[in-house]
Amino acid sequence: MGIFSFFKKKLGTAEQPSSETPGQATEADSPAVVATPDPEEPVQHLDNRLEKSRKRFASGILDFISGRRQVDEDLLEELESQLIMSDIGVPTASRIISAVRDTAKQSNDNTLRQQLREQLIDILRPCEVPLEIPDRSKPYVLLVVGVNGAGKTTTIGKIARQLQNGGKSVMLAAGDTFRAAAVEQLQTWGERNNIPVIAQESGADSASVIFDGLQSATARGIDVLIADTAGRLHTQSGLMDELAKVSRVIKKIDPEAPHETLLVLDGTTGQNGLSQAREFGDSVGVSGLAITKLDGTAKGGMVFTLADELKLPIRFIGVGEGIYDLRVFEAEDFVDALLGDTTPDGSPIAA
Ligand SMILES: Nc1nc2c(ncn2[C@@H]2O[C@H](COP(=O)(O)OP(=O)(O)O)[C@@H](O)[C@H]2O)c(=O)[nH]1
Ligand SMILES: [Mg+2]
């Protein structure tokens with residue numbers, strides 16, 4: 001939770017530029033700023049947010065293990081099916097079971113549960129790589145991609161607000177020019193939060209809007225430019241071409257931009273997210289994931305598949321529609337929220 005409490009102060013927004021001398025190391029320049037909720041905002045415990053997935057895990061997996069004194073091959077096979085039914089894909093479930101098989105046979109239900117917990121954490125741990133905004137890239141360009149409805153614009157709003165709380169100035173570029181409503185959604189959001197939004201009329205060239213955004217952000221000394229993009233054009237290849245063009249065009253200003261291409265995936269789509277991730281990865285390159293809507297789904301198990309198959313950093317998880325319902329992804333927290341940190345009879349699990 002260190003990152004969450006890292007910055008307590010609300011510093012200048014883009015509309016009220018701070019007077020700090022550029023290049024001087026200040027608290028606000030720390031590269032560790034990732035996402036800082038408002039300190040006054042009550043943060044709901046993650047297990048409440050992941051309740052649906054937790055119920056699936058608890059009733060499917062934990063109830064099933066509970067009370068088994070003998071761990072044998074039949075039980076492991078059945079456990080594998082339970083994992084698959086919790087939206088953990090077949091290859092990932094098989095890997096988990098192979099990993100616990102050798103030691104599991106000497107165990108009882110409680111140790112099996114602990115081994116399972118460790119395996120689940122091991123799968124996620126390599127993906128626990130938070131987004132860091134280094135001082136040197138000004139502005140740091142965060143390009144947000146994903147299919148329509150995945151939660152791009154909402155996630156952008158949440159990230160922007162949390163970065164602002166962490167002392168970073170933020171600008172948004174309304175690169176989803178395909179739908180008029182998308183531009184308005186971003187503009188309204190920006191006005192409410194005092195964050196400048198660069199937009200053109202709908203139907204404009206997305207690459208040109210984002211190019212403008214980058215020029216403007218550079219001129220104004222903004223720390224982070226977040227670019228929204230369309231999720232659907234007339235054809236899928238049209239979309240991928242457009243995103244490739246966005247990348248090409250902004251590289252004319254900064255060859256290192258975009259510094260992050262964040263793919264937003266709808267967590268309620270289960271295994272389908274994997275094919276989306278592969279398609280975006282192949283076409284535009286993806287450097288991090290945000291998995292949204294995990295509050296409304298029992299399919300939280302998909303996070304393990306994504307982690308295991310893609311090995312990409314999971315930067316954030318979306319656990320609600322509110323501005324603070326975006327969490328930095330933490331492997332252990334996530335697993336414990338799904339498993340619950342007590343045994344079915346309510347006693348704490350031995351470490
Ligand atoms: N429950 C829930 N809803 C979300 C979350 N993230 C986004 N949404 C909702 O998903 C819908 C589509 O989001 P939007 O940001 O417009 O998607 P976009 O088309 O990818 O830009 C909106 O109704 C959002 O409020 C989340 O983490 N939890
Ligand atoms: Mg949108």
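**Terms and their grounds**

Modeller: Among contacts in the protein chain between residues at least 6 apart in sequence, 76% join residues at least 24 apart. Two residues are in contact if their C-beta atoms, placed from the backbone, lie within 7 Å. This is a predicted model, in which local features need pLDDT of at least 70, side-chain atom pairs count only at pLDDT 80 or more, and totals for chains, interfaces and linings use all residues. Residues are numbered from 1 along each chain as its sequence is written, while chains are lettered from A and ligands numbered from 1 in the order in which they are written.

Colleague: What is the mean pLDDT of the protein chain?

Modeller: The mean is 84, and 84% of the residues reach 70 or more; pLDDT is the predictor's confidence in each residue, from 0 to 100. Over residues 1-33, however, the value is below 50, and it also stays under 50 over residues 342-351. Where pLDDT is low, the predicted coordinates should not be read in detail.

Colleague: Why is lysine 293 called buried?

Modeller: A residue is buried if 20 or more other C-beta atoms, placed from the backbone, lie within 10 Å of its own, exposed if 12 or fewer, and partly exposed in between. Lysine 293 has 22 C-beta neighbours inside 10 Å, and therefore counts as buried. Its place is in the loop between strand S6 (288-292) and helix H11 (302-310), and its phi is near 60°, a positive value in a residue other than glycine.

Colleague: Why is asparagine 194 called exposed?

Modeller: Asparagine 194 has 12 other C-beta atoms within 10 Å, so it is exposed. Asparagine 194 lies in the loop between helix H7 (180-193) and S3, and its phi is also positive, near 60°.

Colleague: Which helix gives the most to the shell around ligand 1?

Modeller: Helix H6 (residues 152-165) does, with 3 residues. In total, 19 residues surround ligand 1, the closest being Gly151, Lys152, Thr153, Thr154 and Gly318; a residue is near a molecule if its C-beta atom, placed from the backbone, lies within 6 Å of it.

Colleague: Which residues have the most contacts inside the largest nonpolar core?

Modeller: They are Leu172, Leu225 and Ile226, in a core of 93 residues. A nonpolar core is a set of buried Ala, Val, Leu, Ile, Met, Phe, Trp, Tyr and Cys residues joined through C-beta atoms within 7 Å. Beyond four places in sequence, the contacts of leucine 172 include Ile156, Ala160 and Ile226.

Technical notes:
Helix = DSSP H or I, 4+ residues; strand = E, 2+ residues; numbered from the N terminus.
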